[in-house]
Amino acid sequence: MQPLLLLDIVGLTSRLIGEHTPRLAEFAGQGAVRTLNSIVPAVTCSVQASMLTGLMPEQHGIVGNGWLFRELAEVWFWRQSNRLVHGERLWEAGKRHDPDFSCANLFWWYNMASSHDFGATPRPIYKADGRKLPDCHTRPAEWRDRLTAELGPFPLFHFWGPATSIASSRWIAEASKLAMADFRPSLLLSYLPHLDYDLQRYGPDLGHPAVRQSLRDIDAVAGDLIAHARERGYQVMVVSEYGITPVRRAVHLNRHLREAGLLQVRHEAGAEILDPSQCQAFAVADHQIAHVYLQPGLGARKAAEVEEALRSIPGVAVHPGRGGGVARARARRAGPESRARRGFRRVGRG
């Protein structure tokens, strides 16, 4: 079996491949380029779960980058356990066909408590005095020591946020090379995040100097990794989870729900914090969508009031999926984990 590098360059679209990405343009010209129609919601956790299971969010259960965990009455984003994902994973299917099949997962999400053979993912160290130190979690655990010795500590604060830079994507690419040398997996999943943040920070504007530089930076890192993999007999496939498009305004659902008397906050050190346990209704906003949760036992009349409040907000549209979008709010019972994620089909979209 010829091994495969599946390289996720998030935010990359065919429109961005050109003069600022000569190595990716050359790679595309040597093969084929196909449009990948993304799912709804087109966010990292949901799209990656669909890519790796072949299922839709209502089936694998990853309905966003985060959701309300009902038993905790808390909203959690960016959880890391692969046990949250339902369905057979790509590498599990590979092992069914070939017992010698192996998979290394480098920084695709839901990387912990997983059935893949080798892996690495961001995992900070939280100190008792409140400090947050950069680090990563690996499988096997001792591989972290090799990565740190060869590459230095994982540059967590360059991975996402205001200090983001090409450093984290370069680190992941170098770790991917080490994975080929150490394990030679049948399937190597590698995730390069750099382009995504700058497209969101500056907009998908090819005229912006920072966007042009980001394209050049990711082209250099990805081009080098692709060449390295091919030299070692790997096939290479480049994918992207979604593209970034311009927007003109935001839709602040929770402000409207608060004005309607449906949302409750608590005060902490002079700041207002959402209190999900006491809200009659509130929205978990996640880029292009928001999941709106209702208090259990709210009743049909109050649910209709929430629906009317949502429908009256300019910019809210209806999710076209099963369940009728805003038209219905119905619990879907499929075990406690599924219930925590899939509870309602009520979605506002801006």
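Colleague: What helices and strands does the protein chain have?
Modeller: This predicted model has eleven helices and 15 strands in the protein chain.

Colleague: How does its radius of gyration sit against the globule rule?
Modeller: The radius of gyration is 21 Å, close to the 20 Å that the rule gives for 350 residues, so the protein chain is as compact as a globular protein of that length. The C-alpha trace spans about 65 × 45 × 45 Å along its principal axes.

Colleague: What share of the residues counts as buried?
Modeller: Of the 350 residues, 47% are buried, where buried means under 20% relative accessible area.

Colleague: What about contacts, how much comes from residues 24 or more positions apart?
Modeller: Among contacts with a separation of 6 or more, such residues account for 60%.

Colleague: Which residues line the largest cavity?
Modeller: The lining consists of C45, Q48, A49, L52, T53, N82, V85, R89, W91, W109 and Y110. By class, seven of these are nonpolar, three polar and one charged.

Colleague: Which element gives the largest share of that lining?
Modeller: Helix 2, residues 44-53, with five residues.

Colleague: Which residues are closest to its centre?
Modeller: R34, L36, V238, V239 and S240 are the closest, out of 41 residues that line the second largest pocket.

Colleague: Which elements give two or more residues to that lining?
Modeller: Strand 1 (4-9), helix 1 (22-30), helix 2 and strand 10 (235-239) do. Strand 10 gives the most, with four residues.

Colleague: So where does helix 2 turn up?
Modeller: Helix 2 gives five residues to the lining of the largest cavity, and helix 2 is also among the elements that give two or more residues to the lining of the second largest pocket.

Colleague: Last one. How does the lining of the second largest pocket split by class?
Modeller: That lining has 26 nonpolar, eleven polar and four charged residues.

Technical notes. Residues are numbered from 1 along each chain as its sequence is written. This is a predicted model: local features need pLDDT of at least 70, side-chain atom pairs count only at pLDDT 80 or more; totals for chains, interfaces and linings use all residues. Side-chain values use heavy atoms; hydrogens and water are left out. On a 1 Å grid over the protein atoms alone, a cavity is a set of points where a 1.4 Å probe fits but cannot get out, and a pocket is an open set with protein on both sides within 12 Å along at least five of seven lines; lining residues have an atom within 4 Å of a point. Ala, Val, Leu, Ile, Met, Phe, Trp, Tyr, Cys and Pro count as nonpolar, Asp, Glu, Lys and Arg as charged, and the others, Gly among them, as polar. The radius of gyration is taken over C-alpha atoms; the globule rule is 2.2 Å times the number of residues to the power 0.38. Buried means under 20% relative accessible area, exposed over 50%, partly exposed in between (1.4 Å probe, protein chains only). Contact means heavy atoms within 4.5 Å.
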